[in-house]
Amino acid sequence: MRNLKLFRSLEFRDIQAPGKPQCFSLRTEQDTVLIGSERGLIEVDPVTREVKNEIPLVAEGFLPEDGSGCIVGIQELLDHESVCVATASGDVLLCNLNTHQLECVGSVASGISVMSWSPDQELVLLATGQQTLIMMTKEFEPIMEQQIHQDDFGESKFITVGWGRKETQFHGSEGRQAAFQMQMHESALPWDDHRPQVTWRGDGQFFAVSVVCPETGSRKVRVWSREFALQSTSEPVAGLGPALAWKPSGSLIASTQDKPNQQDVVFFEKNGLLHGHFTLPFFKDEVKVNDLLWNADSTVLAVWLEDLQREENSTLKTYVQLWTVGNYHWYLKQSLPFSTCGKSKIVSLMWDPVTPYRLHVLCQGWHYLCYDWHWTTDRSSGENLSDMANVAVVDGNRVLVTVFRQSVVPPPMCTYRLLLPHPVNQIMFSAHPKKSNDLAVLDASNQISVYKCGDSPSIDSTVKLGAVGGNGFKISLRTPHLDKSYKIQFENSEDEEVNPLKLGLLTWVQEDVFLAVSHSQSSPQSVIHHLTVAPSVMDDEQGQLNISSSVTVDGVIISLCCNSKTKSVALQVADGQILKYLWESPSLAVEPWKNPGGFPVRFPYPCTQTELAMVGGEECVLGLTDRCRFFINDAEVASNITSFAVHDEFLLLTTYSHTCQCFCLRHASLKTLQAGLSSSHVSNGESLRKVERGSRIVTVVPQDTKLILQMPRGNLEVVHHRALVLAQIRKWLDKLMFKEAFECMRKLRINLNLIHDHNPKVFLENVETFIRQIDSVNHINLFFTELKEEDVTKTMYPPPVTSTVQLSSDPDGKKVDLICDAMRAAMENINPHKYCLSILTSHVKKTTPELEIVLQKVHELQGSAAPVPDAVSAEEALKYLLLLVDVNELYDHSLGTYNFDLVLMVAEKSQKDPKEYLPFLNTLKKMETNYQRFTIDKYLKRYEKAIGHLSKCGPEYFPECLILIKDKNLYNEALKLYPPNSQQYKDISIAYGEHLLQEHLCEPAGLVFARAGAHEKALSAFLACGSWQQALCVAAQLHLTKDQLAGLGRTLAGKLAEQRKHGDAATVLEQYAQ
């Protein structure tokens, strides 16, 4: 979806030389042009506009004096340090431009019609007047001579194995008789000059020759190998033209064909078979094709056409058209109309062999032109929601516009197309921020058509819907309408005739103001023109654009970019210097663009794409060269960038490592960008994304997350870069636009915890707003199910800069529980019936799931009789719960509610066999209530609750209770269930004390025994642990005799002495053992 944009044109008018120019060639190392005429050879420097060398050939006798001589070929030979010239009379000359020495290295008596050198300059091919081909080495030693007309097909002749004869094939509407028709050979076209045409493949291994066959009178294309062996002959093609050009990449040979109702450019394979075509935008017999030329990288095909004389006094024109292909569709990208009379008639043209998009044109009036194009994507530059992310593609007299905000239409289709009266050369969108969808179109007649978006009084016939139309579809798209067409008025009408692309780099900076650049004809200077709308008397007539003011700038301006926000205009001069153009000031001053340090900015290399952007608060110039070097101001940031785009505060780049990187420019610096783009830098997942090999950025939808990429084969891909997505979500959350943020996160698989974690305090304060905006039970449930304690702003989605947002409104509370409680309260406040399922989810998702409460709410639903609008039935609620909770776990919790209706409801939804649970439930129903609950709790292993219910069953169940207490060590819980003076309390205490003795906790055991009144056991326990005070206290309770007390004292003293407590032993002996 790219267009060719002219960024430089070079003129050298009125070259002082004798005769008329006939052909020309280039000296790439010296950047000079060699022009041949009937008088001789001259070398000119188009930059300094001077004639450097002049070599007359008439005086030496190689060209006749009467002016009838003709030079058929010029070729610079680097090895010989000279130029090879072939004349129509048959002489092959070597000319040394330094010494002006001429040498005739060969002569052909019958004359020479074509001289063609191989791309590696190892071989030269001559087509002679005797219809022969002579191949020679670069030293001009003949290798072989062959007849130009051959009866044989060639070495690649097709082999027939006896089946698939033409008579047995399907012939469509022509019928079976088409198989038996004799092939009728049509003669060559009336305007054919019958000269042979030669073209080489890019690697020099093959060459093709187009000649008129003397037997049939029609043209044929023959392919020969480098060894001068015939490879193939083209299939018979009626109306085949003389133009011939082999694609340098080697896949196809281009030629032309006149058909009954149209004229096509056709393509041959190396085997001579046709392989595709495209139609030229002219009627039959309206034009003739003089030549076809491929550029160096095989991406552009130049077609040189000339009007045929159909009326006596009609004005004839010559056209140079540039065609490119994408997605198997051929686009006419540029059309240059020249006059066929006077000085502006084209004599010859050729592509530059080194610079792929440089075209050289030589006109009859010794007028040389050089054009430089580069690829550009014409897209709207608005940054608000009103901008529709338009991308316009030039296709002849049509402009194909795709509106990416509403639909992604793959080329060559489009959303709508604009029909113009003439072929289009340039498109520009308005730089006004609120009118970024308006576009202006410059066509080949130097007319600007302005299309504006808005309400049109009538249907515009020049705007046609593309792939979005059709029966049964309602079009929600607002298409633009043609507001007015303006003719550019040149000060000198000759300028328009001689140079059809006089104005370049057109920019629409204001409602009625255009900026354009032209280059001086005599010096390396450029002129910036202000084109303003001239007042018109009537609204319907064609308007005019006058050049209101002009500013001359030293140097050749090769790019002009405008910032729609700041209205700054930056100019790039060919030497890399960046200038700031103050177009709004009355003085129209031009001053150097300075970096933050105050030094003038100069790009080290010329950049083909430039843009203005705010980097770290400073307005900077961004530039990308055709060799993928990326500059910000005069600092090289990276050297592997294939495309870039500035979107709001983000810079997006695609690299040769097949990644798309996104950087926030608000807080960025040159060092951080250089570090982020270095090969050794390992970027986080937010700024870097892998893309398909060869992807280029087409556009980014403003205030959205869509990034449109185009693949090398032409198809489109829409990706949502994570950095753009998160930035947009953060903006929505800051504006409390929860619905937009939620929909984007759900669609693009962003963790929904970010809604809370981005700013917990704000979210918890606006929970009700969140619920009202989402307004969907399913979406709220989805939000609940994704909740987790992790803070995703610290792990998954760290913010680009350190945030000062309060992390939590309750640092002691758990995040999930806080959200569940807050949202449940809000939902119960808004509509508890509508959000019933979400309320249940809020209970289940808590850190400790509140399943009993959930089941109780389900039971309440079952019991509610009157239906409520938006209410959920108990069965639906239960079915939903089974999605969140394991059915066996839910069955156990339902059993724990002691509600058998609820148990049966859950059991029916489970995979349990009724033979398993029904007998169990029936047995439970027959039991007394407390014992029934004891049995259920024991089954569920809720032993604390079980002994509580069992304690209420009566004394006859106490032995069973005591066994359970001993088994599960529930002594402390059991002691709380009985009064201290009861027998059960004493039994439990004695059992507890014995348990403590087994655990060797003698002192606690003695205390438990003493509390229960078992003083003997308490005394033995205290004796075992040597607690003499406690032992003597218990002894006092037993009312021992004096002798028994003395014996006890001596026993205690012995125990204490063993424990080395001699002081305590002495005290006991002194007081109790006397």
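User: In this predicted model, which residue in β12 is the bridge partner of Leu125?

Analyst: The model is predicted. β11 and strand β12 (residues 132-137) pair in the antiparallel sense over 5 bridges. In β12, the bridge partner of Leu125 is Met135.

User: β11 and β12 form a hairpin. Which residue in its turn has a positive phi?

Analyst: The hairpin of β11 and β12 has 3 residues between the strands.

User: Which residue takes a positive phi in the hairpin of β10 and β11?

Analyst: This hairpin has 5 residues between the strands. A positive phi near 60° is found there at Gln121.

User: Why is strand β11 described as largely enclosed by the rest of the structure?

Analyst: Leu123, Leu125 and Ala127 point one way from β11 and are buried. Val124, Leu126 and Thr128 point the other way and are buried too. Strand β11 (residues 123-128) is largely enclosed because its buried residues number 6 of the 6.

User: Now the sheet with the order β6-β7-β8-β9. Which are its edge strands?

Analyst: This is an open sheet of 4 strands with antiparallel pairing. An edge strand pairs on one side only. The edge strands are β6 (71-77) and β9 (101-107).

User: What does the twist of that sheet average from one strand to the next?

Analyst: The order of the strands is β6-β7-β8-β9. From one strand to the next, the twist averages 20°.

User: Another open sheet has the order β2-β3-β4-β5. Which are its edge strands?

Analyst: The sheet has 4 strands and antiparallel pairing. Each edge strand pairs on one side only. They are β2 (21-27) and β5 (50-56).

User: By how much are neighbouring strands of this sheet turned against each other on average?

Analyst: The strands follow the order β2-β3-β4-β5. Direction is ignored for this angle. On average, neighbouring strands are turned by 20°.

User: In β3, which residue is the bridge partner of Pro21?

Analyst: β2 and strand β3 (residues 32-37) run antiparallel. They are joined by 6 bridges. The bridge partner of Pro21 in β3 is Ser37.

User: How many aromatic pairs does a search of the whole structure find?

Analyst: One of the pairs is formed by Phe267 and Trp294. It is tilted, with 6.3 Å centre to centre and 40° between the planes. Over the whole structure, the number of aromatic pairs is 24.

User: How many residues apart are Phe267 and Trp294?

Analyst: Phe267 lies in strand β20 (residues 263-268) and Trp294 in strand β22 (residues 287-294). Their pair links distant parts of the chain. They are 27 residues apart.

User: Is Trp294 buried or exposed?

Analyst: Buried means under 20% relative accessible area. The relative accessible area of Trp294 is 9%, so Trp294 is buried.

User: Why does the pair of Tyr605 and Phe631 count as tilted?

Analyst: The ring centres of Tyr605 and Phe631 are 6.4 Å apart. Planes under 30 degrees apart count as stacked, over 60 as edge-to-face and the rest as tilted. The pair is tilted because its planes are at 35°.

User: Which residues do ring pairs link into a cluster with Phe267?

Analyst: Phe267 itself is buried, with a relative accessible area of 2%. Ring pairs link Phe267 into a cluster with Phe278, Trp294, Trp323 and Trp330.

User: Over which ring does the charged end of Lys270 sit?

Analyst: The charged end of Lys270 is 4.6 Å from the centre of the ring. That ring belongs to Phe206.

User: How far apart in space are Asn446 and Gln489, C-alpha to C-alpha?

Analyst: Asn446 lies in the loop between β34 (439-443) and β35 (447-452). Asn446 is buried, with a relative accessible area of 5%. In sequence, Asn446 and Gln489 are 43 residues apart. In space, their C-alpha to C-alpha distance is 8.8 Å.

Notes: Residues numbered from 1 in each chain as written. Predicted model: local features only at pLDDT ≥ 70, side-chain atom pairs only at ≥ 80, totals over all residues. Heavy atoms only, no water. Helix = DSSP H or I, 4+ residues; strand = E, 2+ residues; numbered from the N terminus. Buried < 20%, exposed > 50% of the residue type's maximum accessible area, 1.4 Å probe, protein only. Pairing = 2+ DSSP bridges. Axes fitted to C-alpha atoms, helices over the stretch in contact; angles between N-to-C directions. Phe/Tyr/Trp six-rings, centres within 6.5 Å; stacked < 30°, edge-to-face > 60°. Lys NZ or Arg CZ within 6 Å of the ring centre and 35° of its normal.
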